[in-house]
Amino acid sequence: MWDDTKIQAGAEWSKEIENALAAAKIAVLLVSPNFLASDFIHENELPPLLNAAQAKGLTIIWIPLSFSSYEETEIEQYQSAHPPNQPLDSLNPAQENKAWVDICKKIKAAAISR
């Protein structure tokens, strides 16, 4: 498992991200309007992930955090881990907890099958 908090002080952060993306077998995307609006994500992170999904079988698991225009992106081609018409921030706390448990089970199943 990797996220950008693993980047050490003094490291060349862009290379660290590039290396992590290249090594990924599963990508978990937390999709919100801010995620979709990020130039950095669209220019630097999504292209290698989408290419790896096509060429190397990387599994893309995306989670709708908020209502967004995901349908206008290539993310729409991939099955979400939770119904996009019920993003997590639209659920009450108990429903959200259950959704996270279900999402985690899907991520674990994907990791086991790799």
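Modeller: One term before we start: contact means heavy atoms within 4.5 Å. This is a predicted model, where local features need pLDDT of at least 70 and side-chain atom pairs count only at pLDDT 80 or more, while totals for chains, interfaces and linings use all residues. Residues are numbered from 1 along each chain as its sequence is written, and side-chain values use heavy atoms, with hydrogens and water left out.

Biologist: Fine. Let's start with Trp2: what is it in contact with, leaving aside neighbours within four places in sequence?

Modeller: Trp2 is in contact with Ile7, Glu16, Ile17 and Ala20, once those neighbours are set aside.

Biologist: Why does Trp2 count as partly exposed?

Modeller: Because its relative accessibility is 38%. The scale is: buried under 20% relative accessible area, exposed over 50%, partly exposed in between (1.4 Å probe, protein chains only).

Biologist: What about helix 1, which of its residues are buried?

Modeller: Ile17, Ala20 and Leu21. They sit on the same side of helix 1, because they cover an arc of only 100 degrees around the axis. That arc is taken from the directions from the helix axis to the C-beta atoms.

Biologist: What do those buried residues pack against?

Modeller: The buried residues of helix 1 pack against helix 3. The face turned away from them carries Ala22 and Ala23, which are exposed.

Biologist: Switching topic: how much space is in the largest pocket?

Modeller: About 990 Å³. A pocket is found on a 1 Å grid over the protein atoms alone: it is an open set of points with protein on both sides within 12 Å along at least five of seven lines, a 1.4 Å probe fits at the points, and lining residues have an atom within 4 Å of a point. Grid points are joined across faces, edges and corners, and the volume is the space filled by probe spheres set on the points.

Biologist: Which residues are closest to its centre?

Modeller: Trp2, Asp3, Ile26, Ala27 and Val28, out of 26 residues that line the largest pocket. Helix 1 (13–23), strand 1, helix 3 (39–56) and helix 4 each give two or more residues to the lining.

Biologist: Tell me about helix 4, then. How far does it reach?

Modeller: Helix 4 (residues 93–113) has 21 residues and reaches 30 Å from its first C-alpha to its last, close to the 30 Å expected at 1.5 Å a residue. The expected span is 1.5 Å times one less than the number of residues.

Biologist: Which of its residues are buried, and what covers them?

Modeller: Ala99, Ile103 and Ala110 are the buried residues of helix 4. They fall within an arc of 35 degrees seen down the axis, so they line one face of the helix. What covers them includes strand 1 (26–31) and strand 2 (59–64).

Biologist: And which residues are exposed on the other side?

Modeller: Pro93, Ala94, Asn97, Lys98, Lys105, Lys108 and Ile112. At the start of the helix, a side-chain oxygen of Asn92 comes to within 3.0 Å of the backbone nitrogen of Ala94.

Biologist: What does His82 touch, neighbours within four places left aside?

Modeller: His82 is in contact with Pro64, Leu88, Leu91, Ala99 and Ile103. His82 lies in the loop between strand 2 and helix 4 and is buried, with a relative accessible area of 11%. A polar atom of its side chain lies 2.8 Å from the backbone oxygen of Gln86.

Biologist: Which side chain does Ser66 make a polar contact with?

Modeller: Asp89, at 2.6 Å, side chain to side chain. A polar contact is a pair of N or O atoms within 3.5 Å; within protein, one must be able to donate a hydrogen and the other to accept it, and residues adjacent in sequence count only if both atoms are side-chain atoms. Ser66 is in the loop between strand 2 and helix 4, and at 18% relative accessibility Ser66 counts as buried.

Biologist: Last one: is Ile60 buried or exposed?

Modeller: Buried, at 8% relative accessibility. Ile60 is in strand 2, and its contacts beyond four places in sequence are Ala27, Leu29, Leu49, Leu50, Ala53, Tyr78 and Gln79.

Terms used
Helices (H or I, at least four residues) and strands (E, at least two) are DSSP runs, numbered from the N terminus.
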